[in-house]
Amino acid sequence: SPLRGRLAYLGLRSNGWDTDDALRLASVWGDASIEHLEMYWNKLELDAVAALLCHGARAPLRRLEVFSNHIVPGTISPAHRASEPMSLDVLSLADNPLGDSGWASLCEQMSLRSIGALDLSGCALEDASALTRGAPQVRERLDVSNNPFSSQTIRALVEAPWNPSLSSLEV
């Protein structure tokens, strides 16, 4: 695989990559040592994010940032579902119109167990329970700002029984 070796960071920003491109990347990932993958301003779908997470679970992937890719709720191929729980240091899905159902689907299919910093700002989330029920444990920082939350939802988020080590909550 051309990605084998010591490539710790891969940034693919504004390249017009679509889901097929991301799936090809995931298929050649092999035993690459990528720890930090950024794919900002491309055209990825939910299944592509799942594939990157799934293949990244076999590598030392610690940070996945897929900011502003227009990711909407969709289906996740059975081939891209995680077989084992996974943890990440950073997961950023900011400014993607995932909605509550897209986020819930990703959590359910990917067995996300824990995340150091989670950025779901601007993801069209509306329901606080989508962030707490079946969602991964956020260890340090949670950003859910710029979502259309009601005042009731904001209160529920602030009062939720978060991980005691959570040091930052942005609503």
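Strand 4 (86-92) and strand 5 (112-119) pair in the parallel sense over six bridges, where pairing requires at least two DSSP bridges between two strands. The elements are DSSP runs numbered from the N terminus, with helices (H or I) of at least four residues and strands (E) of at least two. The model is predicted, and local features need pLDDT of at least 70, side-chain atom pairs count only at pLDDT 80 or more, and totals for chains, interfaces and linings use all residues. Residues are numbered from 1 along each chain as its sequence is written, and side-chain values use heavy atoms, with hydrogens and water left out.

Within the pairing of strand 4 and strand 5, Leu88 stands opposite Ile115 of strand 5. Strand 5 is also joined to strand 6 by five bridges, and these two strands run parallel; Asp119 has Asp143 in strand 6 as its bridge partner. Seven of the eight residues of strand 5 are buried (under 20% relative accessible area, 1.4 Å probe, protein chains only).

The largest nonpolar core comprises 47 residues, and Leu37, Leu93, Trp103 and Leu106 have the most contacts inside it. Such a core is a set of buried Ala, Val, Leu, Ile, Met, Phe, Trp, Tyr and Cys residues joined through side-chain atoms within 4.5 Å. Helix 2 (46-56) is among the elements that each supply at least two residues of this core, as are strand 4, strand 5 and strand 6. The largest share, eight residues, comes from helix 2. In soluble globular proteins, nonpolar side chains tend to be buried together.

Notes: Buried means under 20% relative accessible area, exposed over 50%, partly exposed in between (1.4 Å probe, protein chains only).
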